[in-house]
Amino acid sequence: MTRRALNIGVDIGGTNIKLGLIDADGRILHQTKLPTVAERGSDVIIASIVSALKDLLQGASLRPEDLTSIGIGVPGTADAATGTVVYAPNIFWRDVPIVSIMQTTFPAPIYIAQDTRAAAWAEFLVGTARGLRGIAAVTLGTGIGCGMVLEGRIFHGALNTAGEFGHQIVAIDGEPCNCGRHGCLEAHAGGLAIVREAKKRIPNVQQLVGKEDIGVGDVYRLAQHGNPQARQIAEEVVRHIGVGLVNLTNLNSLEMICLSGGISNAPAELLLDPLVAFVRNRAYQAISDKVQICRSALGEDAPLIGASLLYHASSPRKDESGR
């Protein structure tokens with residue numbers, strides 16, 4: 001009897017790390033998460049991931065030897081060949097050999113990819129974009145990123161930086177970004193930017209939401225209830241992300257853009273609907289009404305699921321004609 005393929009997915013985010021035991025069809029069988037706390041440094045964070053994975057396997061009555069593979073999605077540039085996180089500004093990692101560190105504990109093959117590429121891979125294999133040829137997965141969270149699958153393959157780019165959607169410039173000499181530049185989309189429409197602007201522009205915002213540590217969801221709830229400053233912030237987010245989506249669509253001739261991440265959960269009337277209208281009205285006319293823009297059916301689990309399926313990306317895929 002053929003042994004069922006069981007894989008581990010790890011999604012390292014700027015705020016939380018999600019870990020899941022996932023089957024070959026992308027179904028999450030067991031899942032857990034832990035806080036990232038980037039200030040602790042890469043060694044402590046990786047040790048906490050290893051410990052959490054051991055607990056996850058123990059809870060499922062499995063051994064490390066029972067795994068087909070482990071896939072890791074990281075919020076930055078990853079070198080799949082060396083298993084290294086080259087640069088992840090939101091968690092302050094540079095040249096971290098995470099695969100070789102984890103390989104000392106887990107014998108299964110370990111794969112690594114930028115989290116947004118993992119999300120796109122999940123959408124292409126088991127999600128909303130199954131069967132399409134050119135798709136992008138845009139993650140709207142603490143950071144803003146994008147992964148693309150073009151002609152059945154994850155698109156890395158010649159310099160391995162394809163999909164740096166959040167670091168396109170939307171404001172010359174704009175807000176400083178964690179990447180070290182100014183005016184990036186992420187610095188104007190990412191989760192940290194939304195909270196920053198809310199604290200700056202909404203009078204007594206902590207009192208309005210009833211807590212000191214406000215989040216993106218709090219800002220959108222205020223906007224939904226008619227707070228003028230919160231609504232203005234929401235409208236600016238749409239304009240900034242909308243410009244990015246138009247550029248992404250025009251440059252890559254995409255069939256679908258799937259949105260995931262915490263910000264994508266904002267009320268449709270404040271985010272998705274105006275984003276679709278923005279792209280319809282401003283993208284290149286030959287494709288503006290053809291590209292589909294939607295929330296991911298896999299939601300915030302897309303990077304986790306895609307990471308667990310990265311072993312598929314290590315071998316060439318055939319097209320529908322079998323070539």
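This report describes a predicted model, section by section.

## Basis of the model

The model is predicted, with local features requiring pLDDT of at least 70 and side-chain atom pairs counting only at pLDDT 80 or more, while totals for chains, interfaces and linings use all residues. Residues are numbered from 1 along each chain as its sequence is written, and side-chain values use heavy atoms, with hydrogens and water left out.

Helices (H or I, at least four residues) and strands (E, at least two) are DSSP runs numbered from the N terminus. Two strands pair if DSSP finds at least two bridges between them. Buried means under 20% relative accessible area, exposed over 50%, and partly exposed in between (1.4 Å probe, protein chains only).

## The five-stranded sheet

An open sheet of 5 strands runs in the order E11-E10-E9-E12-E13, with mixed pairing. Strand E11 (153-154) and strand E13 (292-295) stand at its edges; each has a single partner strand, so one side of each is left without a neighbour in the sheet.

Strand E12 (residues 256-260) pairs with strand E9 (residues 134-140) in the parallel sense, over 5 bridges. Ala-137 has Cys-258 of E12 as its bridge partner, and Thr-139 stands opposite Ser-260. E12 also runs parallel to E13, joined to that strand by 4 bridges. Here Cys-258 has Cys-294 of E13 as its bridge partner. In a regular strand the side chains alternate between the two faces of the sheet. In E12, Met-256, Cys-258 and Ser-260 are on one side, Ile-257 and Leu-259 are on the other, and all are buried.

## Two hairpins

Strand E5 (residues 77-79) and strand E6 (residues 84-88) run antiparallel and are joined by 3 bridges. Asp-79 has Thr-84 of E6 as its bridge partner. The hairpin of E5 and E6 has 4 residues between the strands, and Gly-83 takes a positive phi near 70° in this hairpin.

E6 also pairs with strand E7 (residues 93-96), in the antiparallel sense over 3 bridges. Val-85 stands opposite Val-96 in E7. The hairpin of E6 and E7 has 4 residues between the strands, and Phe-92 has a positive phi near 65° there.

The expected span of a helix is 1.5 Å times one less than its number of residues. For the 12 residues of H3 this gives 16 Å, which agrees with the 16 Å between its end C-alpha atoms. Since 12 of the 12 residues of H3 are buried, H3 is largely enclosed by the rest of the structure. Among these buried residues are Asp-115, Arg-117, Trp-121 and Glu-123.

Helix H8 (residues 228-252) has 25 residues and should span 36 Å; its end C-alpha atoms are 36 Å apart, which agrees. Asn-227 caps the N-terminal end of H8, with a side-chain oxygen 3.1 Å from the backbone nitrogen of Gln-229. Just after H8, Ser-253 takes a positive phi of about 50°.

## The largest pocket

Rolling a probe the size of a water molecule over the atoms shows where empty space is left. On a 1 Å grid over the protein atoms alone, a pocket is an open set of points where a 1.4 Å probe fits, with protein on both sides within 12 Å along at least five of seven lines; lining residues have an atom within 4 Å of a point. The largest pocket has a volume of about 1,200 Å³, where volume is the space filled by probe spheres set on the points, with grid points joined across faces, edges and corners. Of its 45 lining residues, Gly-14, Thr-15, Gly-141, Thr-142 and Gly-143 are the closest to its centre.

Strand E2 (16-23), helix H3 (115-126), strand E10 (144-150) and helix H5 (191-201) each supply at least two residues of this lining. H5 gives the most, with 4 residues. By class, the lining has 14 nonpolar, 21 polar and 10 charged residues. Ala, Val, Leu, Ile, Met, Phe, Trp, Tyr, Cys and Pro count as nonpolar, Asp, Glu, Lys and Arg as charged, and the others, Gly among them, as polar.

## Loop residues

Val-37 lies in the loop between strand E3 (28-35) and helix H1 (42-59). Val-37 is not a glycine, yet has a positive phi near 50°; its relative accessible area of 36% makes Val-37 partly exposed. Ser-61, in the loop between H1 and strand E4 (69-74), has a positive phi of about 60° and counts as exposed at 67% relative accessibility.

Pro-267 sits in the loop between E12 and helix H9 (272-282) and counts as buried at 18% relative accessibility.

Definitions and conventions
Polar contact = N/O pair within 3.5 Å; in protein donor to acceptor, adjacent residues only side chain to side chain.
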